[in-house]
Amino acid sequence: MDWVEGLFEKWKNRTKNYSLWKSLAAYLVLAIGFTVIAAGMTVMVCRSWQNVIRRVNGITEDYNYIEDGDFVLYYKADNAVILSAHDVISLKRSDERLYKALGLVQLLCIPIYSAGAILLVSFLYYRNKLKEPVFLLKAEMQAIRRNDLSFSCRYDSADEMGDICKAMDLMRLSLIENQQSMWELLEEQRKINAAFAHDLRTPLTVINGYMEMLLVHYDSRKVNKDRLMEIFTSIQKQTKRIQIFSETMKEIHGFEALEVQKKAYRKNELVEEVHNLAEGITQGRGLSAAISMDISSERLYYDETVVMEVLGNLLSNAVRYARERIEILIRQEEEYLSLYVKDDGRGMTAEELYKADSPYYTDKAGEESRDGMDRANSRDIHFGLGLTICKILCKKHGGELTLSNSVEGGAIVCARFFVM
């Protein structure tokens, strides 16, 4: 029977990549063929045994079966059939029962074989086409229910069940990606809160120190009026600093709660918006902005507010360090839109490359901008939130923010957005 198993295994492998309805049709053809062959062979065997019984009882082929094991010989004369009672032959009692049983087998073999073939085909179809993918899908759903995303629902087949398992596995991977993004956002929020608490401690410590000094020395008249006004002014500055801190936290939370709303834009519209923004930021600063584009699609889907907010922050940072020139490259990289902003400044140190997009990070070398702008007048720059905001918005748009240095000198910041 090895050849039968080999033949069936060959059939199974051949139909594995068939669609469900094609596989069902193939199994039905197999069932019909099995029924026809089995029924034909059964009828042939039964008739052969009936002929043996007739020969044993001396009944030739000229005799016809009547009923109850009786056979009769017909004569034809002048187109008339003549029946002679002397030409009736009866089978033995035991042979009569066997003869009738063989006739009954011939009558019932077709419906019996048909039912058996249907049951067999149903079993084989379920086992070969449905059992494994259904088991994998159930196991995948149970794993997801218990928050276990390590189980892979992979089923190597080109049929509909293979497509469903593939879609389920893609959903699992999407859940993993979303969960990682959520944890990254939570970790980012934790860092922001920690940085906020750390930086908030300084003005509170200053205010608390001045208040303790006033409580100790005010009654003793050791604090003159000028010194008192100086203390009040310092306390006022620290209070304003705390107020600005609170506003920046509110702004960050606003960006985190922002819902990305994509719309279709032509690539020329994007270039025009970038040009207008770059011209507005570099105006009057003695800088030139070069814009280049490498986009294959005529239309891109993105949130204009998010993209322009990120680009505005990147250009503001580039203006602080650029000496003469800023370069902007707009490039489509498969399903992503990448905005590269390069300046011809000093570049970033190793610490800045690692920490520049961290909340409230400030660099000592950037305390003074190229045009002497006071950092305290720019809240995003002063509190180190520009790149943090860019990083949050890029992630919200399905992309990322990367920092690097150019081999020619200067820093390069790339903001990527998912635009499909």
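**Entry 1: the chain as a whole**

I counted 10 helices and 10 strands in the chain, taking helices (H or I, at least four residues) and strands (E, at least two) as DSSP runs numbered from the N terminus. The model is predicted, so to speak of local features I need pLDDT of at least 70 and for side-chain atom pairs pLDDT 80 or more, while totals for chains, interfaces and linings use all residues. Residues are numbered from 1 along each chain as its sequence is written, and side-chain values use heavy atoms, with hydrogens and water left out.

I noted that 36% of the 420 residues count as buried. Buried means under 20% relative accessible area, exposed means over 50%, and partly exposed lies in between (1.4 Å probe, protein chains only).

I then looked up contacts (heavy atoms within 4.5 Å). Of those between residues at least 6 apart in sequence, 69% join residues at least 24 apart.

**Entry 2: aromatic pairs**

I found three aromatic pairs in the structure. Rings of Phe, Tyr and Trp (its six-membered ring) pair if their centres lie within 6.5 Å; planes under 30 degrees apart count as stacked, over 60 as edge-to-face and the rest as tilted.

Tyr265 and Tyr302 form a stacked pair, with 4.6 Å between centres and 25 degrees between planes. Tyr265 belongs to strand E4 (residues 263-266) and Tyr302 to strand E6 (residues 299-302), so the pair links parts of the chain 37 residues apart. Both Tyr265 and Tyr302 are buried.

Tyr336 and Phe418 form an edge-to-face pair, at 5.5 Å centre to centre and 75 degrees between the planes. Because Tyr336 lies in strand E8 (residues 336-343) and Phe418 in strand E10 (residues 411-418), this pair ties together parts 82 residues apart in sequence. Tyr336 is partly exposed, with 24% relative accessible area, and Phe418 is partly exposed at 24%.

I also saw that Arg416 lies over the face of Tyr336, 4.4 Å from the ring centre. The criterion is NZ of Lys or CZ of Arg within 6 Å of the ring centre and within 35 degrees of the ring normal.

**Entry 3: nonpolar cores**

Which residues touch the most other members of the largest nonpolar core? They are Leu270, Leu314, Ile326 and Phe417, in a core of 39 residues. Such a core is a set of buried Ala, Val, Leu, Ile, Met, Phe, Trp, Tyr and Cys residues joined through side-chain atoms within 4.5 Å.

Helix H7 (304-321) is among the elements that give two or more residues to this core, and its nine residues are the largest share. Leaving out residues up to four places away in sequence, Leu314 touches Val341, Leu387, Cys390, Leu401, Val413 and Ala415.

A second, separate core holds 14 residues, including Tyr27, Leu124, Cys153 and Tyr155.
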